[in-house]
Amino acid sequence: MKIAFVSGNREQLPDAVTPLGLLYVMSSTPDCHEKHLVDLCFAPDAVQALTAALGELQPDLVAIGMRNIQNNDYSGLSDNLDYYASLVRAVRAASPAPVVLGGSGFSVMPVELMRRLEPDYGIDGEGEVAFPQLVAALENDGTGIDSTRLDAIGALHRRTPDGIVSNPRSGSFLDMNTLALPDRTLVDARYDEYAIESIQTKRGCPLRCDYCTYPIIEGRVGRVREPSAVVDEMFRTLEERPETRHFFIVDSVFNLPTLHAKKVCRELIARDWQVPWTCYANPLGFDREFAELAREAGCAGMEIGSDSGTNRVLKKMRKGFTTDHIRRLHELCVEVGIPDCHTFILATVGETLAEVEETVDFLVDLDPFGAILMIWIDDYESLDPELRAERVALRSTVEQMLLARKDEYPQWSIPALKVNFDERLFRILRRSGLHGPLWQHARGSVSTS
Ligand code: B12
Ligand code: SF4
């Protein structure tokens with residue numbers, strides 16, 4: 001079967017990120033199939049580029065990776081659903097091939113997206129097992145679709161004359177030590193300007209923060225990879241993409257489980273790893289030994305989902321930590337020399353404006369290396385106009401409040417207001433040779449707002 005793997009993502013803020021998930025799905029699909037990557041990230045006109053690619057390839061199956069539903073406060077609210085609908089329409093116009101959707105964006109609301117975007121199939125969650133099973137069921141030794149085999153595929157959604165049929169998840173997740181390595185030589189050379197690569201050391205987050213969609217995508221049970229396999233993949237990435245200057249560890253939270261994170265750091269140290277990296281960290285389970293190992297292993301910064309500066313809101317979000325934990329993490333980072341950047345999400349559901357102010361007071365007092373202030377966007381705003389209107393009005397009030405206080409803490413980024421966060425600033429920093437999450441370099445640079 002000839003398969004076109006289409007990466008639909010066009011977001012280039014804060015960086016253009018290589019389509020790691022789609023590459024994993026591709027490498028897990030048996031090589032007896034003819035596999036082609038079509039990356040729309042840099043195409044001047046995505047629909048035109050897709051139409052041209054399909055015209056040339058004439059694939060039997062089109063698999064579209066959908067990473068983001070919305071840009072979550074990066075330069076305001078723009079949702080991507082109309083864009084993805086236009087991709088599905090472009091496939092229909094150019095080819096009779098069935099369309100499969102998958103990816104983290106799709107996984108957040110699969111049934112709604114099956115209805116809205118009308119692909120033939122959708123797979124939510126990880127695709128390494130389900131997608132090859134779907135290919136096998138569609139091909140069925142050349143005899144046509146085998147619906148019994150379709151029924152057995154975990155988390156498969158499909159359109160039938162009677163409506164959308166959704167299979168339950170299989171219950172078992174991929175063993176991370178059987179992961180087929182992604183072929184990064186396929187990555188478009190235009191990602192080289194960003195010079196950042198992604199690496200995953202495990203999947204699954206055991207915590208239960210109430211708004212979080214990550215466990216929907218990767219599950220709750222932590223599935224770790226052998227540290228040596230992780231570091232092997234990092235070295236291989238440098239061979240395949242020698243322009244790489246920075247890695248982002250894309251685990252939901254790198255330091256949990258702590259033992260695994262420490263083992264990965266020790267492996268990096270033992271193998272004299274030299275390329276800087278950044279990860280997400282959580283105040284829980286964050287100890288001095290981890291901070292020291294991470295520093296020695298090349299950690300250039302940690303992003304912490306601190307979320308709120310008030311204990312009531314932290315509790316309501318079920319974060320499991322308090323503002324004291326955040327302070328302790330910050331102290332350790334300062335002591336060992338790791339720049340820390342805390343993300344705060346303001347105006348979550350049920351939060352008062354006084355609590356938003358309290359978080360800002362907390363941040364000014366904490367004085368971390370960096371901070372990113374987001375204003376809560378509900379994924380369902382892209383489907384519910386009433387909810388969107390209500391939330392847009394609230395966001396505007398919070399933005400005014402932040403604007404009024406913006407001089408109190410010059411390092412913070414407020415993406416929605418383009419404070420220390422806009423394409424022009426990022427381009428200037430990148431072109432002066434700076435790579436990695438740009439908050440690491442933005443401290444002291446002049447706000448462009
Ligand atoms: C790390 C991360 C980042 C890092 C990336 C750093 C880097 N250099 O790669 C940074 C901080 C830059 C970032 C930024 C953004 N991110 Co982000 N990010 C993540 C995170 C934690 C991991 C992504 C990842 O690489 N996973 C590893 C790969 C292997 O997994 P995967 O892509 O999901 O692929 C698997 C499956 O989805 C599936 N699959 C993937 N493609 C396909 C295709 C088909 C056909 C099939 C069948 C299956 C399939 O199989 C894959 C392998 O199992 C996820 C949350 C999460 N836990 O998933 C959010 C997440 C992807 N981000 C999200 C968003 C919104 C963004 C931003 C728009 C802004 C923001 N505020 O977060 C920007 C956009 C950046 C861009 N250029 O696209 C959302 C997307 C969904 C949504 N709500 O719209 C997520 C899910 C978090 C969330 N809020 O729910 N992000
Ligand atoms: S720690 Fe992070 S990934 Fe885990 S549930 Fe909370 S917000 Fe989600």
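Let's start at Ser107, which touches Asp124, Gly125, Ile216 and Ile217, leaving aside residues up to four places away in sequence. Ser107 sits in helix H4, and this is a predicted model. With 25 other C-beta atoms within 10 Å, Ser107 counts as buried, because the cut-off for that is 20 or more. Gly171 is 64 residues away from Ser107 along the chain, and their C-alpha atoms are separated by 16 Å.

- Where they meet, domain 1 puts in 23 residues and domain 2 puts in 21 residues.
- Which helix gives the largest share of the domain 1 side? That's helix H4 (residues 104-108), with three residues.
- Sorted by class, the side of domain 1 that touches domain 2 holds ten nonpolar, eight polar and five charged residues.

**The chain as a whole**
- The protein chain has 17 helices and 16 strands.
- Its radius of gyration is 22 Å, close to the 22 Å from the globule rule for 449 residues, so the chain is as compact as a globular protein of that length.
- Along the principal axes, the C-alpha atoms of the protein chain fill a box of roughly 65 × 55 × 40 Å.
- Of the 449 residues, 42% count as buried.
- Take the contacts in the protein chain with a separation of 6 or more: 74% of them come from residues 24 or more positions apart.

**Strands and sheets**
- Seven strands make up an open sheet with parallel pairing, running in the order S8-S11-S12-S13-S14-S15-S16.
- At its edges are strand S8 (196-199) and strand S16 (412-413), each pairing on one side only.
- Inside that order, strand S11 (residues 246-249) pairs with strand S12 (residues 277-281) in the parallel sense over three bridges, and Phe247 stands opposite Trp277 in S12.
- Is strand S1 (residues 2-7) mostly covered or mostly open? Mostly covered: five of its six residues are buried.
- S1 pairs in the parallel sense with strand S2 (residues 34-39) over six bridges, with Ser7 opposite Asp39 in S2.

**Around ligand 2**
- The residues surrounding ligand 2 are Cys205, Leu207, Arg208, Cys209, Cys212, Tyr214, Ser252, Val253, Asn282 and Gly305.
- By class, that shell around ligand 2 counts six nonpolar, three polar and one charged residues.

- Some background first: most residues other than glycine have a negative phi, and most peptide bonds are trans.
- Leu13 and Pro14 are joined by a cis peptide bond, with omega about -5°; Pro14 is in the loop between S1 and helix H1 (20-28).
- Another cis peptide bond joins Leu256 and Pro257, with omega about -5°; Pro257 is in the loop between S11 and helix H10 (258-270).
- Glu118 isn't a glycine, yet its phi is positive, about 55°. You'll find Glu118 in the loop between helix H5 (110-117) and strand S5 (121-123), and it is partly exposed, with 15 other C-beta atoms within 10 Å.
- Ala347 also has a positive phi, near 60°. Ala347 belongs to the loop between strand S14 (340-346) and helix H14 (353-366), and is buried, with 22 other C-beta atoms within 10 Å.

Key. Residues are numbered from 1 along each chain as its sequence is written. Chains are lettered from A and ligands numbered from 1 in the order in which they are written. This is a predicted model: local features need pLDDT of at least 70, side-chain atom pairs count only at pLDDT 80 or more; totals for chains, interfaces and linings use all residues. A residue is near a molecule or strand if its C-beta atom, placed from the backbone, lies within 6 Å of it. Ala, Val, Leu, Ile, Met, Phe, Trp, Tyr, Cys and Pro count as nonpolar, Asp, Glu, Lys and Arg as charged, and the others, Gly among them, as polar. Two residues are in contact if their C-beta atoms, placed from the backbone, lie within 7 Å. Helices (H or I, at least four residues) and strands (E, at least two) are DSSP runs, numbered from the N terminus. A residue is buried if 20 or more other C-beta atoms lie within 10 Å of its own, exposed if 12 or fewer, and partly exposed in between; C-beta atoms are placed from the backbone. Two strands pair if DSSP finds at least two bridges between them. The radius of gyration is taken over C-alpha atoms; the globule rule is 2.2 Å times the number of residues to the power 0.38.
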